[in-house]
Amino acid sequence: MPDARLDTLVHAETPEGLQLALRPAGLAPRAYALLLDWIIRIIVFSVAAGFLARIGGIGMGVYLIFYFLLEWFYPVAFELTTSGATPGKRMLNLRVIMDNGLPITPGASLVRNLLRVADFMPLAFGFGIVSMLWRSDFKRLGDLAAGTLVVYRSRTPGPVRLPDVAPLQPVVDLANDAQAAVVSLAARASRLTAERVEELASLVPESVLPNGVNAAHSKSQRAFGLARWLVGHRPG
């Protein structure tokens, strides 16, 4: 289906059986992150080179070792932190994870970063760019070999604010999915038009409401009152 081809969500299942929806990062944000990390490395390397130049002969040996470690293990060191991202990726709200949604492992981080050489060929990340543009999950060759994904970090949702109306206790027990639907409507009401809220609120059966409520409240107010009761609010 056309809409399925346009959807870049990747669904993964953890070993515990949890279903995750992951949104892979495309070429542009990853290129910007790479540029930011490159600038950071240049600054760090320049400062270190200026300091080591004062040491003399031994400084050249340390200089070469530092250059090797900075070039090859800079991404690995940061990807194995709790953020799972280099400073450049964090600035773009990206992180590196395993295919199954779990944090990246040391072995996978080493593989994906050592294979940057293959991605760089034949010139300026040619193979890597072709691979990313060819796949819906935007994996470069290193990601394919390591079983990793670069995804957008999920933002921690803020507290849900429900409309300030008096809680209404339902007179019959609601199924779990019905409770979730009512609370979801109340939580999303501020992002919907008043007409759409009323339309959705009309789906709440009047049989679940206390007597005398129907005429005194609009349909949306009834739904909001139920939602506040369901999440634990009580009158007074």
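The model is predicted, so local features need pLDDT of at least 70 and side-chain atom pairs count only at pLDDT 80 or more, while totals for chains, interfaces and linings use all residues. Residues are numbered from 1 along each chain as its sequence is written, and side-chain values use heavy atoms, with hydrogens and water left out.

**Exercise 1.** Describe how helix α10 and helix α11 cross, and state which residues make the contact.

Solution. Start with the axes, which are lines fitted to C-alpha atoms over the stretch in contact, with angles from 0 to 180 degrees between N-to-C directions. Those of α10 (residues 194–201) and α11 (residues 219–230) come within 8 Å and cross at roughly 65°. The two helices are therefore roughly perpendicular, a class that covers 65 to 115 degrees. Next, list the contact (heavy atoms within 4.5 Å): Val197, Glu198 and Ala201 of α10 meet Lys219, Ser220, Ala223 and Phe224 of α11.

**Exercise 2.** Classify the ring pair of Tyr74 and Phe78, and decide whether each residue is buried, partly exposed or exposed.

Solution. Rings of Phe, Tyr and Trp (its six-membered ring) pair if their centres lie within 6.5 Å, and planes over 60 degrees apart count as edge-to-face. Tyr74 and Phe78 lie 5.1 Å centre to centre with 65° between the planes, and this pair is edge-to-face. Both belong to helix α3 (residues 57–79), where they are four residues apart and so separated by about one helical turn. For accessibility, buried means under 20% relative accessible area, exposed over 50%, and partly exposed in between (1.4 Å probe, protein chains only). Tyr74, at 7%, is buried, whereas Phe78, at 27%, is partly exposed.

Technical notes: Parallel < 35°, antiparallel > 145°, perpendicular 65-115°, else oblique. Phe/Tyr/Trp six-rings, centres within 6.5 Å; stacked < 30°, edge-to-face > 60°.
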